[in-house]
There are 2 protein chains.
Amino acid sequence: MTDRAIAFELIATDGEARRGRLHTRHGVVQTPAFMPVATQATVKSLSPGEIAESGARMVIMNTYHLWLRPGPEVVAGQAELHGFARWPHVIVTDSGGFQAFSLAKLCKLTEEGFAFSSHLDGSRRLLSPEESMRVQGLLGSDIAMQLDVCPPGGADTPTLVAAIERTTRWAERCLSARRPGQALFGIIQGGADLALRLRHASELARLPFDGLALGGFSVGESNDSMHQTLRRLVPEVDRNRPRYLMGVGTPRDLLLAMGCGVDMFDCVMPTRNARNGQAFVRSGRVTIKQAKFRDDPLPIEPGCNCATCQGGYSRAYLRHLYMAKEILCHRLLTVHNLHFYGELMRGAREAIERGCYSDYAASRLREMATNEQPVELG
Amino acid sequence: MTDRAIAFELIATDGEARRGRLHTRHGVVQTPAFMPVATQATVKSLSPGEIAESGARMVIMNTYHLWLRPGPEVVAGQAELHGFARWPHVIVTDSGGFQAFSLAKLCKLTEEGFAFSSHLDGSRRLLSPEESMRVQGLLGSDIAMQLDVCPPGGADTPTLVAAIERTTRWAERCLSARRPGQALFGIIQGGADLALRLRHASELARLPFDGLALGGFSVGESNDSMHQTLRRLVPEVDRNRPRYLMGVGTPRDLLLAMGCGVDMFDCVMPTRNARNGQAFVRSGRVTIKQAKFRDDPLPIEPGCNCATCQGGYSRAYLRHLYMAKEILCHRLLTVHNLHFYGELMRGAREAIERGCYSDYAASRLREMATNEQPVELG
């Protein structure tokens with residue numbers, strides 16, 4: 001490691017797909033990597049040990065929520081997020097901007113930042129680039145995200161331009177306010193407008209960020225539109241830094257985006273869908289409450305190595321737990337789903353190393369055809 | 001083991017307190033023993049491994065709930081409760097009568113049984129002694145409980161007499177209908193009327209039950225009244241069979257009842273209180289949401305060997321999880337509370353073996369004086 005907060009090492013490429021290692025003060029993360037979402041400093045229902053068993057070595061936590069409750073000073077006093085949440089591996093925090101805009105009340109966006117009322121107690125708050133950096137600094141994540149402006153899906157060009165220009169100005173303010181030793185990623189915006197995306201990618205690449213993220217995807221645009229944009233955009237994002245596609249996505253999204261050269265992902269899907277009784281399997285998804293599982297003695301996915309499937313929990317038992325609204329269902333499905341995502345990524349990393357990523361992705365996508373829409377690889 | 005379903009071995013006594021071993025087809029249970037409650041075939045939020053880590057080797061599951069959902073035939077088809085819930089140790093099922101009376105709608109009690117409407121779908125059901133035995137037989141528990149009539153707290157003498165007489169008639173019907181190889185316990189009723197309790201205890205002791213339970217405690221009578229009754233009643237219950245005090249209780253209740261010669265307990269308190277943010281500690285109880293824990297870096301109980309305290313989860317983090325309504329709080333507190341109960345029982349067993357049970361109980365009760373009402377040992 002250099003004196004930088006993190007170092008990204010590219011160890012193999014296969015077409016645009018990349019196989020790397022992210023060196024941090026909390027260990028090495030093999031990329032491409034999927035980050036489970038630990039919104040309130042917990043991946044809902046799981047112990048840190050169970051998260052790590054899925055293969056994940058990096059999680060993302062939510063600055064907005066932790067800022068409002070319990071407050072960054074409380075977290076700082078408990079040996080920061082790593083000590084507080086007992087997660088010894090890598091932690092990323094988002095900037096809080098997305099939630100300030102989508103979750104808080106009476107949010108007003110100005111050059112200063114997001115002025116809003118807390119969704120918890122109505123108190124007035126200002127989330128500025130400096131405040132976001134201060135809060136993320138106190139939280140002590142390994143990687144902080146810059147405060148950015150995420151335009152709504154379908155925004156017109158002037159709105160998109162204003163968003164990327166403000167995001168760039170905020171990028172500089174965030175870099176000036178960052179906590180020493182904490183890595184910081186910039187966030188590329190521009191909606192579905194490829195030219196704006198490319199312009200913003202090159203603007204941000206001139207700044208000393210430790211990584212570059214793609215924000216504002218998966219906010220309502222069509223899946224095909226996202227994939228088309230990624231195919232042309234990602235290869236143009238500075239290849240020497242990790243590329244992080246925020247808030248995406250389905251297994252199919254991940255396979256396509258890795259093929260474009262994305263290194264990091266986060267998404268609530270495996271954890272949120274578990275809460276709703278949905279399990280990921282190689283052929284698509286299983287909705288555990290279906291009556292056909294009432295007497296089904298099989299595990300969610302025969303052959304799966306996760307603790308749920310290996311523990312002998314039958315679909316019949318999981319269905320029963322779901323119908324009875326038992327927490328253990330949420331937990332057992334979360335273990336399975338994160339393991340599924342972990343396996344998908346592990347397989348992708350191996351395939352890139354062996355130079356057969358497009359075969360791997362095509363084969364995984366074909367398997368999904370039973371329940372998911374089949375697609376052509378770009 | 002004999003050809004009986006279970007065998008009870010008394011290995012030491014200390015005053016009225018007893019140290020035993022319950023031999024079953026699913027292993028040996030050291031007594032006195034506390035059984036966590038797994039109402040719907042799950043101890044809420046815990047894996048079977050975590051339950052066993054608390055020291056528990058016997059849990060109680062709920063016949064009423066499992067009868068209505070998923071149905072005993074479903075469970076029977078999944079290798080019975082042991083296979084269904086992945087619990088390899090001992091399982092007790094209650095009779096379902098208590099819930100049919102307290103939870104179901106339009107319940108009518110006759111000599112035939114409880115006629116009621118399901119609280120789930122309103123369907124009419126009849127829980128007779130024979131149906132309870134059929135359902136418990138399909139569930140495949142190691143120990144079934146007879147269907148009994150539990151009179152309400154404060155019932156008058158004629159009501160109590162009618163309840164014990166019907167319970168005795170049902171006892172005989174249950175014994176005739178039991179599944180071969182499944183142990184069956186009788187249930188002594190009689191409210192707070194010692195003479196009736198003693199009469200019922202001797203009536204049931206004449207029947208070939210594998211154990212004798214004390215029902216109808218902890219249904220509204222005062223704690224002192226229960227302790228007084230237990231002190232005179234328990235020593236008169238057949239000493240060659242395990243004695244099981246149903247639905248009781250606090251750590252204080254357990255200490256006093258073990259001193260009277262009770263061998264088995266079950267209670268929702270450690271698991272239900274965990275859900276409400278309450279943790280048991282040697283000095284009493286801790287309500288984790290209290291503001292004083294906001295910045296508290298200590299574990300729930302310093303020196304505690306449970307996975308929660310040893311895992312370094314601070315009171316500050318647990319409070320945060322509770323305030324944020326995170327499931328992990330429920331889980332971590334349940335682990336702690338069951339461990340607390342397990343340690344209490346382990347200590348009691350050792351003390352009985354060493355002949356110093358009354359010192360042990362007195363010392364534990366003294367420690368509780370900070371938060372719990374101090375008591376005199378009888």
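The entries below go from the chain pair to salt bridges, helices and single residues.

**Entry 1: the two chains**

I noted at the start that this is a predicted model.

**Entry 2: salt bridges**

How many salt bridges does the structure hold over all chains? I found 44. I followed up a few of them.

I began with D295(A) and R294(A), whose closest N and O atoms are 2.9 Å apart in a salt bridge. D295(A) is partly exposed at 39% relative accessibility, and R294(A) is also partly exposed at 41%.

My next pair was R364(A) and E367(A), a salt bridge with 3.8 Å between the closest N and O atoms. Both sit in helix α15 (residues 357-367) of chain A, three residues apart, which puts about one helical turn between them. R364(A) counts as buried at 3% relative accessibility, whereas E367(A) counts as partly exposed at 30%.

In chain B I picked E111(B) and R166(B), whose side chains meet in a salt bridge at 2.7 Å, N to O. E111(B) lies in the loop between β8 (105-109) and β9 (114-117) of chain B, and R166(B) in helix α7 (residues 157-177) of chain B, so this pair ties together parts that are 55 residues apart in sequence. E111(B) is partly exposed at 30% relative accessibility, while R166(B) is buried at 19%. I noted that R166(B) comes in under the 20% cut-off for buried.

I also wrote down a network with members from both chains: salt bridges link E50(A), R331(A), E50(B) and R331(B).

**Entry 3: helix packing**

Two packed helices are described by the angle between their axes and the distance between the axes. I looked up both values for two pairs.

The crossing of α10(B) past α15(B) is left-handed. On the α10(B) side, the contact is made by R252(B), L254(B), L255(B), L256(B), M258(B) and G259(B). On the α15(B) side, Y357(B), Y360(B), A361(B), R364(B) and L365(B) make the contact.

For helix α9 (residues 223-233) and helix α10 (residues 251-260) of chain A, the angle is about 20° and the axes lie 9 Å apart. That makes α9(A) roughly parallel to α10(A). Here α9(A) passes α10(A) in a right-handed crossing. From α9(A), I listed N223(A), D224(A), M226(A), H227(A), L230(A) and R231(A) in the contact. From α10(A), the contact residues are R252(A), D253(A), L256(A), A257(A) and C260(A).

**Entry 4: helix α6 of chain A**

How many of the 11 residues of helix α6 (residues 129-139) of chain A are buried? I count eight, and the helix is mostly covered. Those buried are P129(A), E131(A), S132(A), M133(A), V135(A), Q136(A), G137(A) and L139(A). Just after α6(A), I noticed that G140(A) takes a positive phi of about 80°.

**Entry 5: two single residues**

Is H65(A) buried or exposed? I found H65(A) buried, with a relative accessible area of 14%. It is part of helix α2 (residues 63-68) of chain A. Leaving aside neighbours within four places in sequence, H65(A) is in contact with T39(A), Q40(A), Q99(A), L103(A) and H119(A).

My last stop was V219(A), in the loop between β13 (211-214) and α9 of chain A. V219(A) is partly exposed, with a relative accessible area of 28%. Not counting residues up to four places away in sequence, V219(A) touches F98(A) and G153(A). I also took the C-alpha separation of V219(A) and G247(A), which is 9.1 Å for residues 28 apart along the chain.

Technical notes. Residues are numbered from 1 along each chain as its sequence is written. Chains are lettered from A and ligands numbered from 1 in the order in which they are written. This is a predicted model: local features need pLDDT of at least 70, side-chain atom pairs count only at pLDDT 80 or more; totals for chains, interfaces and linings use all residues. Side-chain values use heavy atoms; hydrogens and water are left out. A salt bridge is a side-chain nitrogen of Lys or Arg within 4 Å of a carboxyl oxygen of Asp or Glu. Buried means under 20% relative accessible area, exposed over 50%, partly exposed in between (1.4 Å probe, protein chains only). Helices (H or I, at least four residues) and strands (E, at least two) are DSSP runs, numbered from the N terminus. A crossing is left-handed if the near helix is turned anticlockwise from the far one by less than a right angle, and right-handed if clockwise. Contact means heavy atoms within 4.5 Å. Axes are lines fitted to C-alpha atoms, for helices over the stretch in contact, and angles run from 0 to 180 degrees between N-to-C directions. Angles under 35 degrees count as roughly parallel, over 145 as roughly antiparallel, 65 to 115 as roughly perpendicular and the rest as oblique.
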